[in-house]
Structures are given as C-alpha cells and as structure tokens.
Amino acid sequence: MTRTNLQLRLAARPAGLPRESDWEFTEQPAGEPAEGEMLVRVLHLSVDPAMRGWMNAGKSYIPPVEIGAVMRAGAVGRVVASRHPDFAEGDHVTGMFGVQEYCLSDGRGVLRIDPEQAPLPVHLGVLGMPGMTAYFGLLDIGRPQKGETVVVSGAAGAVGSAVGQIARIHGCRVIGIAGGEAKCRHLTEELGFDAAVDYKSEDVRQALREHAPDGVDVYFDNVGGDILDAVLTRLARGARIVICGAVSQYNNETAVRGPANYMSLLVNRASMTGMVVFDYAARYPEAREDMARWLASGELRAREHLVDGGVRAFPETLLGLFRGDNLGKLVLRVADA
C-alpha cells in the first residue's frame with residue numbers, strides 16, 4: 001500500500017510570532033517499516049507553548065528543530081504496520097511523532113496507551129506531557145503542604161489547570177491567574193480553585209493581597225514577565241517558585257526581561273527552580289497511575305480544546321495558542337481514530 005505523508009517543515013527561524021513564510025508543507029511516501037520499526041498514523045497533535053522555543057537557535061534544554069526538519073510535536077496515533085517486537089498493528093501509541101500524517105519510529109520514547117482508559121486527546125493532556133509537567137513540577141519542586149497557598153499562572157491552560165487541581169487534591173488553597181472572565185469562572189466553578197485572578201481586568205498584586213493575605217507558599221510560573229514580578233512581591237517565608245515556562249516572553253523580538261523583584265527571594269528565604277519534564281521520564285508511569293486514578297474518581301477533570309483541520313491547520317492553531325484562544329489542552333485533530 002502506498003501512503004502519502006503530508007508534513008510541515010520549519011523553513012526559517014521566526015522573529016516574533018511565526019509567519020506563513022516560516023513554514024513549508026511537503027508530501028512524500030510514508031514508507032514501510034524496516035526490521036525493528038513501526039509506521040504510526042498520527043491522529044492527534046499536541047500544540048504547546050514550548051514549541052515556540054524549539055524553533056529558536058541556541059542552547060536550550062533540547063536541541064532546536066533544524067531548518068528543513070519536520071516540526072517537533074507530541075502526538076497520539078495508531079500503529080498501521082509493524083516490524084517492532086514490542087508494538088503490534090492496531091496499537092494506540094504516543095510519542096514525539098512530529099507535525100505529519102505518518103511517522104516511522106524505532107520505538108524509542110514511544111508509549112502504548114489505552115483508549116478505553118481515557119479518550120485519545122486526554123493522553124496529550126493530563127495523561128501526557130502537560131500532566132507530567134504539572135505533577136512533577138508541583139510535587140517534586142513545589143513540595144506543597146496541606147493548608148498552604150498555591151498560585152499558578154496560565155491557570156486555564158493544560159499545565160496550569162492540572163497544577164491547580166493536584167494542589168487542591170493535596171489539601172492546598174489554590175489561586176489561579178488567567179485571562180478573561182470565562183476562564184476564571186471555569187477555574188472556580190468547574191475545577192474547584194478557591195479563587196481566580198483575571199490579569200486582563202484586575203491588578204494582580206492587589207488581588208493577591210486579597211486572596212493570599214498570608215502570602216504565597218508555592219508559585220507555579222508558566223508566563224514570566226509582569227505576573228512573575230507581581231507574585232514575587234507576595235511571597236511567604238520559605239516560598240518555592242517553580243519556573244516551568246514564560247509564554248509572555250516567547251515571541252519577544254527583544255531580549256527576555258528577567259524579574260525585577262528577585263530580591264524578594266532573599267528577604268523571604270525563598271527559592272526559584274527551573275523544571276524540564278523530560279528529566280522525569282523514568283517516573284512517568286508513577287505519575288500516570290496517580291493521574292488516571294484521580295480522573296476515574298472525578299477528583300481531576302480533563303478538558304481539551306479540539307481543533308479540526310489536519311496538518312495544514314497547524315500554523316494558525318499555534319498562533320491561536322498565543323492569542324489565548326484555547327480553554328484547556330489545545331489539540332489538533334489530524335485524522336479520525
């Protein structure tokens with residue numbers, strides 16, 4: 001069987017928001033697996049803020065996507081042909097398959113998933129990389145204790161919404177920072193956050209004085225910039241800050257602006273630690289077990305923002321992420337399951 005594979009490749013390194021000229025669509029035969037390989041039909045693509053950083057040259061926690069290469073992306077798919085001893089035709093799998101319709105894989109970094117456990121897009125959200133990021137970033141680095149106040153920015157996104165719910169499950173008071181009345185209402189009315197701050201219409205510092213009068217014990221930062229600076233002024237003694245991302249800075253055409261209020265770390269004997277989820281890969285099964293149990297019990301809720309359109313819709317879908325169009329995990333549907 002001859003299968004045509006539509007792929008999206010990085011044509012140029014963006015300056016600011018990615019433009020149409022930064023991408024190139026190509027078509028080529030999908031190929032057949034060699035011994036020890038499998039061919040995966042990509043069904044859903046994960047659209048994540050980190051993708052913007054992967055497009056930049058320079059040293060980072062992961063090598064950049066090279067010019068001319070298929071754009072890196074996490075995905076779920078179905079094995080359509082296999083010569084791999086650990087994967088059979090018909091298996092559903094997740095891995096870094098890229099923005100394309102088919103992927104030849106040798107199985108490294110690929111996990112078999114159970115679509116009966118949760119719908120496939122959930123395996124890109126709370127059971128995928130965002131969920132793993134929330135779990136290990138909060139519990140291993142943030143180390144929340146029952147009764148403490150946890151604040152998370154980007155709280156209506158895939159990572160932030162999971163962070164807040166895990167903190168609630170662990171008995172913490174949870175405050176989410178998000179943009180817009182609908183997102184803030186979703187946090188408090190559907191996800192069980194104790195309070196939400198709308199950074200678009202509220203003074204974040206003033207709102208934190210009201211909602212966290214005794215200070216912030218754990219801050220999980222997804223956005224950087226002005227919001228990080230505002231939270232730094234409200235730290236409790238011994239506070240822990242988890243630096244997960246800085247989405248407010250990713251499309252800057254000037255240098256990233258660091259925190260002006262960092263001396264609050266000294267005054268409050270606080271710490272600020274960066275986290276990269278790939279460091280915890282060996283422990284993903286541990287986190288997935290807990291997250292799946294919380295999903296089954298109803299303690300944890302998953303929400304996905306599904307976009308149709310396939311591979312050709314990826315560039316505009318990525319821009320929508322930075323506009324804040326999504327509520328929950330942004331997933332692009334490539335093909336029907």
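Which residue forms a salt bridge with arginine 293? I looked this up before anything else.

**Entry: ground rules.** I am working from a predicted model, in which local features need pLDDT of at least 70 and side-chain atom pairs count only at pLDDT 80 or more, while totals for chains, interfaces and linings use all residues. Residues are numbered from 1 along each chain as its sequence is written, and side-chain values use heavy atoms, with hydrogens and water left out.

**Entry: arginine 293.** The partner is aspartate 290, with the closest N and O atoms 3.0 Å apart. I took a salt bridge to be a side-chain nitrogen of Lys or Arg within 4 Å of a carboxyl oxygen of Asp or Glu. Both residues sit in helix H8, 3 residues apart, which is about one turn of the helix. Helices (H or I, at least four residues) and strands (E, at least two) are DSSP runs numbered from the N terminus. For exposure I used relative accessible area: buried is under 20%, exposed is over 50%, and partly exposed is in between (1.4 Å probe, protein chains only). Arginine 293 is partly exposed because its relative accessible area is 44%. Aspartate 290 has 17% relative accessibility, so I noted it as buried.

**Entry: other salt bridges.** I noted a count of 16 salt bridges by this rule. One of them pairs aspartate 48 with lysine 329, the closest N and O atoms being 3.2 Å apart. This pair links distant parts of the chain, 281 residues apart: aspartate 48 is in the loop between strand S3 (38-46) and helix H1 (50-54), and lysine 329 is in strand S15 (residues 329-333). Aspartate 48 and lysine 329 are both buried.

I then looked up aspartate 308, which forms a salt bridge with arginine 333, the closest N and O atoms being 2.4 Å apart. Here aspartate 308 lies in the loop between strand S14 (304-307) and helix H9 (314-323), and arginine 333 lies in strand S15, 25 residues apart. Arginine 333 is partly exposed, as its relative accessible area is 26%. I also found Asp140, Arg283 and Glu286 joined into one network by salt bridges that share partners.

**Entry: a pocket.** Which residues lie nearest the centre of the second largest pocket? I listed Gly95, Met96, Gly109, Met129 and Tyr284, out of 23 lining residues. A pocket here is an open set of points on a 1 Å grid over the protein atoms alone, where a 1.4 Å probe fits, with protein on both sides within 12 Å along at least five of seven lines; lining residues have an atom within 4 Å of a point. Strand S5 (92-95), helix H2 (129-142) and helix H8 (284-297) each supply at least two lining residues. The largest share, 3 residues, comes from H2.
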